Amino acid sequence: MPVLTDYQVAHYRDHGWVAPVDVLTADEATTLHRALVDAEQAFPDDLHAGHRNNAHLVLPFLADLAIHEVILDCVRSLVDDPRSLLNSVLFIKEPGSRAVRAGAGHSPRAPTARRGPLGTALLDE
């Protein structure tokens, strides 16, 4: 069942992002954050600010997040029949930094990519 309002869908279509969307409880977010910090410590050469693409392929907790039912419901609000997870990019504010790092073509206000409605997952029709 779609969870985005008509206003949110229109905002996404006009601006390429929508936020906030409540997906996780505070405890769930804390657990995922801890898993990400642990992964960054375990794989410092592979998972860092300059290299956070497609981590869902090797970190199951990110794959689970990408296919979280609330996220998929939001995607269904935008795409009739989402089928594929193409890639993922993590936009993470580093401790002590004043700004969120965003790549070319991305809004610095929200963690999303051009076709990705919620940041962690880019879905194709």
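The legends below describe close-up views of a predicted model of one protein chain.

**View 1. Secondary structure of the protein chain.** The protein chain contains 4 helices and 2 strands. Along the sequence, these elements follow the order α-α-α-α-β-β.

View 2. Of the 125 residues in the protein chain, 34% are buried. Among contacts with a separation of 6 or more, 64% join residues 24 or more positions apart.

**View 3. The buried face of helix α1.** Helix α1 spans residues 6-15, and its buried residues are Q8, V9, H11 and Y12. These buried residues line one face of α1, because they fall within an arc of 160° when seen down the helix axis. Under the cut-off used here, a buried residue has under 20% relative accessible area.

**View 4. The exposed side of helix α1.** D6, Y7, R13 and D14 are exposed on the other side of α1. For these residues, exposed stands for a relative accessible area over 50%.

**View 5. Cover over helix α1.** Helix α4, residues 69-78, is part of what covers the buried residues of α1. The residues under this cover are Q8, V9, H11 and Y12.

**View 6. The residue after helix α1.** G16 follows α1. The phi angle of G16 is positive, near 85°.

Terms used. Residues are numbered from 1 along each chain as its sequence is written. This is a predicted model: local features need pLDDT of at least 70, side-chain atom pairs count only at pLDDT 80 or more; totals for chains, interfaces and linings use all residues. Side-chain values use heavy atoms; hydrogens and water are left out. Buried means under 20% relative accessible area, exposed over 50%, partly exposed in between (1.4 Å probe, protein chains only). Contact means heavy atoms within 4.5 Å. The arc is that of the directions from the helix axis to the C-beta atoms.
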